[in-house]
Amino acid sequence: MTTNRRPSPRRTERPTRRPPRRAVVAAVAALAVFAAGALVIPRPPQLSAETSGDDRLVAEVRRLLDGEGAVRDRLSVAVIDGAEVRTAHFGATDDTEYEIGSVTKTVTGSLLADAIDRGEVTGSTPLGDLLDVGGSAAASITLDELATQSSGLPRLPLSAGMIVSAIVANFRASDPYRSTLADLESDARASAVGEKQFLYSNFGFALLGQALVAAAGADDYEALAAQRVFEPLGMRDSYAPSSRDGLRDTAVEGLTATGRTAAAWTMGADSPAGSTRSTLADMVRYARAQLDGTAPGVAATEPRADAGESRIGFAWLTSDDVTWHNGQTGGYASWVGFDRDADRAVVVVNGSSVSVDDLGLALMEAN
Amino acid sequence: MEYFPGFLALAFALVFLAAGATRWKGFGASSRLELVVAALTAVAGLAVARALMPWGEVSALLWLVPVAITAAGVAAAVWIWPFLPALRPDRPARRTVVFGSLNTVVLLAVVALFVL
């Protein structure tokens, strides 16, 4: 221990109440650090106060989200009752672009139903007829099994690379999906196939979408989805990029559940599982076409198998009378559902990665 | 898992405070370099926690807890600073400097990866 302490005051000196200079410096430094920390106190984004659309719906959405404390920013909602469409926007417009995440799977499901109608494939076509998966267990999985989430494939390929990528992406708010078609096929060849029961699988839907691209002889999934679903429905602002180069100028970044800016999920060869970007106006066209049965491949909405407490068609889940799907990416969340008996559909698209399932269901049930 | 960065920030702030305020073996800093490394670690922990914690789910006021501990650590560090040697006298200087440098590089990498 060094001993360069200040000498004690001599008895002859008058005692002083002033603290040593070092104590003052220490206190000032501590206060400065605390003040700096207080200045940068986290301020999670809140639902935008800039609203437009139907005043009653705006108030209803506010009420339903009140007190949840989650990170919100941009949010758009549509409630379709027969011919009437009510919309509510928070910090957004009809044309604001959102990632719809796994709602993309319903597009892929529609593509399967449409391809069956065209005679390109059947539900029992094995994956091995369309993709290079050799004689692996995955080769015998049918398109029907992939579309009803009962293929026996895991949620994601269980490769070390994918696991590390998922963990890093979770903390970096980046896109964890970077596979090429060759990677996807290689993962399928290496993958074990479990029980043929409901198990939600992004991997399975990526393979399904790529198989349909091969069956149709299309350039890629983006082209196939545009040609057979988006263009027939007039969804001009919807697209399914598979790389950052494919992003349009309208693409804006969403927020993670912690309020960080999240990179766009374009997902490479996994794009059929979740890379679609769309607007509320386009999703209203999509939901309305599902509701009135005019959507391409609308047979995808018909329940075909059990999925826990729900039933599942080609991607579309049916719980009670509501047929729905949700989506979540690094920076977005979405929910689309409809009830043909009630003649109602609801679309919720959200610019942060915080679930909107409860909001969507509540709006389906609201009077 | 999602609250882990917050616990980490708290732990690093406490380690920094202990480095300046205690003489316990293994906790108290033996050199100014160790004190600086502890301070940088605490700041890096705060930066990562600020970026990764789900602040929408917990009160943002909790942020002030590790900040206050770090501030107390700064006060303790200022107080103890004159009494510490620049480097630990019982270890080769090169080893201490290399360790401190490596530690700093790792911290910068973590901050760059998860915060920037």
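In chain A of this predicted model, strand E2 (residues 75-81) pairs with strand E3 in the antiparallel sense, and seven bridges link them. At one place along this pairing, Leu75(A) stands opposite Phe90(A) of E3(A). The two strands, E2(A) and E3(A), make up a hairpin, with two residues lying between them. In that turn sits Gly82(A), whose phi is positive, at about 60 degrees.

E3(A), which covers residues 84-90, also pairs with strand E1 (residues 51-53) of chain A. Here again the strands run antiparallel, this time joined by three bridges. Thr51(A) has Phe90(A) as its bridge partner in E3(A).

Taken along the principal axes, the box filled by the C-alpha atoms of chain A is roughly 105 × 55 × 40 Å. Buried residues make up 49% of the 367 in this chain. Among the contacts in chain A with a separation of 6 or more, 68% are between residues 24 or more positions apart.

The C-alpha trace of chain B spans about 45 × 25 × 20 Å along its principal axes. Of its 116 residues, 39% count as buried. When contacts in chain B between residues at least 6 apart in sequence are considered, 77% join residues at least 24 apart.

Finally, the two chains meet. At this interface, 26 residues of chain A are in contact with 24 residues of chain B. On the side of chain A that touches chain B, the elements giving two or more residues are helix H1 (21-39) and helix H5 (160-172) of chain A. H1(A) provides the largest share of that side, with 10 residues. Sorted by class, the side of chain A that touches chain B comprises 16 nonpolar, six polar and four charged residues.

Key: Residues numbered from 1 in each chain as written. Chains lettered and ligands numbered in written order. Predicted model: local features only at pLDDT ≥ 70, side-chain atom pairs only at ≥ 80, totals over all residues. Buried ≥ 20, exposed ≤ 12 C-beta atoms within 10 Å, placed from the backbone. Contact = placed C-beta atoms within 7 Å. Helix = DSSP H or I, 4+ residues; strand = E, 2+ residues; numbered from the N terminus. Nonpolar A, V, L, I, M, F, W, Y, C, P; charged D, E, K, R; others polar. Pairing = 2+ DSSP bridges.
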